[in-house]
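Biologist: I would like a close look at a single part of this protein. Please keep it brisk and take me through it step by step.

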Amino acid sequence: MGTTTPPRTLAEALRARGDESLAGLLRARPDLLNPVPNDITQLATRAGTRASVVRALEHLDRFALQTAEALAVAPDPAPYGTLLSLLTGDGLDDGEQRDDAGAAITTALPGALATLREQALVWGEDDRLRLVRTARELLAPSPQHPSPTGLGPTVAEATAGMSPGRLQEILAATGLSATHDPVSAVAALSSLFTDRTRMAELLDTAPVEALSVLDRLVWGPPYGEVTPNPTPPVKWLRDRGLLLPVSTRTVVLPREAALHLRAGRAHRVPEPVPPAVAAAAERDPQAVDRAAAGQAFTALATVEELLKLWNGGGPAILRAGGLSVRELKRTANALDVTEPIAAFWIELAYGAGLLASDGETDERYAPTPASDEWLDLPAEDRWTHLATAWLAATRTPGLVGGQDAKGRALSALGPELDRSAAPDVRRRVLALFAELPPGTAPDAETLLRRLRWERPLRGGPAASATGQGPAPTEGTDLRSRLALWTLNEAELLGITGRGALSAQARALLAEGEKAAAAHLAPLLPEPLDHVLLQADLTAVAPGPLERPLADMLSVLADVESKGGATVYRFTPGSVRRALDAGQAATDLHAFLAAHSRTPVPQPLSYLIDDVARRHGHLRIGAAAAYVRCDDEAVLNEILADRRSTGLRLRRLAPTVLASRSDPGSLLEALRDMGYAPAAESADGDVLITRAGARRTPPRTPPVPVPEGPPVPDDTLLGAAVRAIRAGDTAATAVRKEPADAPSSNAPSGALPRTTPAETLATVQAAAMTGSTVWIGYVNADGAASQRVIAPVRVEGGFVTAYDHTADEVRTYPLHRITGVAELAEDGKG
């Protein structure tokens with residue numbers, strides 16, 4: 001009475017689970033929810049599909065994967081003890097050196113098995129553990145794809161096509177009695193190879209060279225090539241079945257023999273415990289925070305400079321999308337950084353929604369309207385905006401300069417830079433940083449080793465991932481490269497300082513943007529409202545400047561050097577630029593006097609007055625272009641200058657010259673000759689050329705490319721579990737056959753068929769008695785379904801009932817019900 005029948009299928013195992021366990025499965029494997037399965041059987045079928053199983057295996061840590069690999073080479077089903085021995089070995093040849101590893105495996109195995117059960121990769125009780133068939137096919141050894149364990153096929157699999165006579169010869173060579181059929185011969189040979197004592201006696205008689213051959217094959221790969229006339233050691237092994245033929249030139253070491261040579265272990269190096277992340281350096285946490293804040297300030301300044309650089313319209317977009325190599329190099333030179341770092345800043349601004357395509361015919365990149373809003377934010381809020389965008393972005397700047405699968409170059413802002421794993425890797429790397437004490441910088445190699453343990457199938461070849469063969473070299477796989485790029489980018493952005501995680505980054509990860517901004521604000525320098533003017537026509541900004549001051553100074557002077565203090569240099573060209581922007585000489589004198597802590601030097605005042613006196617003396621308009629000046633001597637000087645030959649000037653009047661060049665080219669050429677011309681309109685008014693501010697239409701930031709379906713929330717999980725349970729109730733309900741109904745050959749699951757009168761009578765009776773019935777229903781689209789309903793009211797040609805399948809009250813037209821049947825009572829049917 002108290003016993004329960006062990007599940008015979010995965011569907012039965014899932015049906016026996018509680019709602020929380022089913023919700024855990026759907027949370028761990030969200031692809032099973034798209035769409036929501038109709039019932040448990042459909043859920044089990046979907047959980048066994050190849051694509052879903054591969055996705056689930058890719059999210060296992062190394063020991064859980066090793067557990068699944070051990071089950072794949074174990075008998076099906078396998079008891080818990082057999083699985084444990086495959087992971088720990090029998091210890092007969094190791095003495096006590098594996099005691100610690102064995103204890104760790106024994107401790108970790110229940111957790112790994114629970115993970116596999118939760119994800120529906122393993123089912124059954126501990127005495128009958130079964131790996132899902134698709135997972136077994138993926139992980140079990142085969143000639144097409146060797147097992148990550150390095151084991152080969154079993155004796156039975158390797159001798160499947162062998163002649164009975166050859167089997168008897170192997171039995172005779174090993175000293176076994178002859179049998180009457182191949183099945184018993186294979187069983188006898190398998191029994192020998194799995195018997196530790198008899199197998200040891202057989203190997204004691206082997207030549208030393210034969211043992212060397214076995215040593216080369218024991219940990220994989222188990223296949224070897226032989227010649228038509230093999231050497232005596234190989235012939236000795238082949239005659240005794242220790243090497244079995246796969247083809248005329250290939251032999252394999254059978255699984256049972258390899259396990260004996262391995263002391264029963266499926267893996268050379270089981271890894272039940274995640275590798276620890278070692279500390280590379282211990283630093284003062286306050287020094288780390290200050291260094292990170294300084295780098296955060298530099299990051300903000302760099303992004304602002306990039307926006308200013310592309311303010312009047314950035315570089316053109318390639319026909320295939322993205323930024324050309326020449327434009328990337330030009331931007332890198334302007335930002336005074338290397339090209340990979342320039343690509344990072346460009347991609348960061350793009351991912352944060354500060355840069356986008358302008359959508360014009362001559363398509364170019366330009367700042368977005370959101371960039372103006374971003375510039376108005378406090379510095380700490382601007383940083384949290386960038387950091388949050390970086391954490392969520394799937395675009396990967398580290399790929400710029402590489403090639404795609406077709407050998408095409410990957411460009412900055414190009415379409416092929418999305419990598420779905422990037423956000424997960426970034427967050428995981430920073431989470432490992434956060435596990436260390438404040439101020440501790442982790443060792444990069446141990447960090448990569450930990451990431452490979454957590455996602456071995458995402459971290460390189462399967463053989464390397466399971467301890468078979470050499471570990472992947474640093475940065476060879478995408479996940480490792482993403483981690484290394486994360487370390488560099490986090491330092492550039494001010495997430496880390498001097499290699500350790502900052503307090504503001506910890507707050508961002510744990511509490512959100514507001515907490516991070518509160519930590520960062522006291523560490524950032526306050527903007528200044530003054531500069532120091534010097535006699536050599538320079539101005540020194542001893543710190544960050546307030547935005548209006550910085551904007552005006554960037555027009556009036558050129559940046560000469562950056563660092564702890566920014567040096568600006570005043571030149572005739574920069575002063576003319578300010579005058580072109582509509583400033584008068586008196587405005588410039590007043591501006592400098594108001595914002596300088598030192599007296600305005602006399603040379604600077606003379607420079608401003610001199611450029612202002614000559615500014616606009618020449619006027620340029622459109623003829624194609626003309627030059628007019630009230631001073632004929634100036635025009636004579638221009639005509640006599642050999643540098644004006646290319647302009648093809650001719651005199652139209654004493655004070656007017658005409659040119660075939662366009663006004664813009666003529667303006668620049670005369671400025672290069674040392675004059676200070678001004679452009680004028682068709683009405684003769686001076687044109688004021690303010691700093692261009694080209695903006696794109698409103699743009700949303702690029703949407704990250706998700707890595708598979710999103711993880712469902714609790715509300716969706718609860719609704720999905722209820723729907724699956726209700727559908728399963730309908731699918732597994734036992735129907736009562738009418739006593740007078742003849743035996744039917746209708747297939748299982750076919751819709752019930754009754755006459756309209758029978759349908760109405762049965763539904764009315766169910767409504768009166770409060771019983772549940774099974775109906776067939778065809779909706780308005782013609783889709784047929786089975787439902788289990790509890791009728792509440794029948795009137796006007798409609799039945800109102802609680803639908804167990806949908807878990808809600810619904811109303812059905814009676815004419816769409818194909819038939820109705822009563823459900824059998826519990827325990828009958």
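Which residue in the turn of the hairpin formed by E21 and E22 has a positive phi?

Modeller: Gly782 does, with a phi of about 90°. Keep in mind that this is a predicted model.

Start with strand E21. It covers residues 773–778. Of its 6 residues, 5 are buried, so E21 is largely enclosed by the rest of the structure. Here, buried means under 20% relative accessible area.

Now look at the partners of E21. One is strand E22, residues 784–795. The two strands pair in the antiparallel sense, over 6 bridges. To find one of these pairings, go to Gly776; its bridge partner in E22 is Gln786.

Another partner is strand E25, residues 817–822. E21 and E25 also pair in the antiparallel sense, and 5 bridges link them. Here you can look at Val773, which stands opposite Glu822 in E25.

So what does the picture around E21 look like? E21 has antiparallel pairing with E22 and antiparallel pairing with E25. Gly776 gives you a landmark towards E22. Val773 gives you a landmark towards E25.

Conventions
Residues are numbered from 1 along each chain as its sequence is written. This is a predicted model: local features need pLDDT of at least 70, side-chain atom pairs count only at pLDDT 80 or more; totals for chains, interfaces and linings use all residues. Side-chain values use heavy atoms; hydrogens and water are left out. Buried means under 20% relative accessible area, exposed over 50%, partly exposed in between (1.4 Å probe, protein chains only). Helices (H or I, at least four residues) and strands (E, at least two) are DSSP runs, numbered from the N terminus. Two strands pair if DSSP finds at least two bridges between them.
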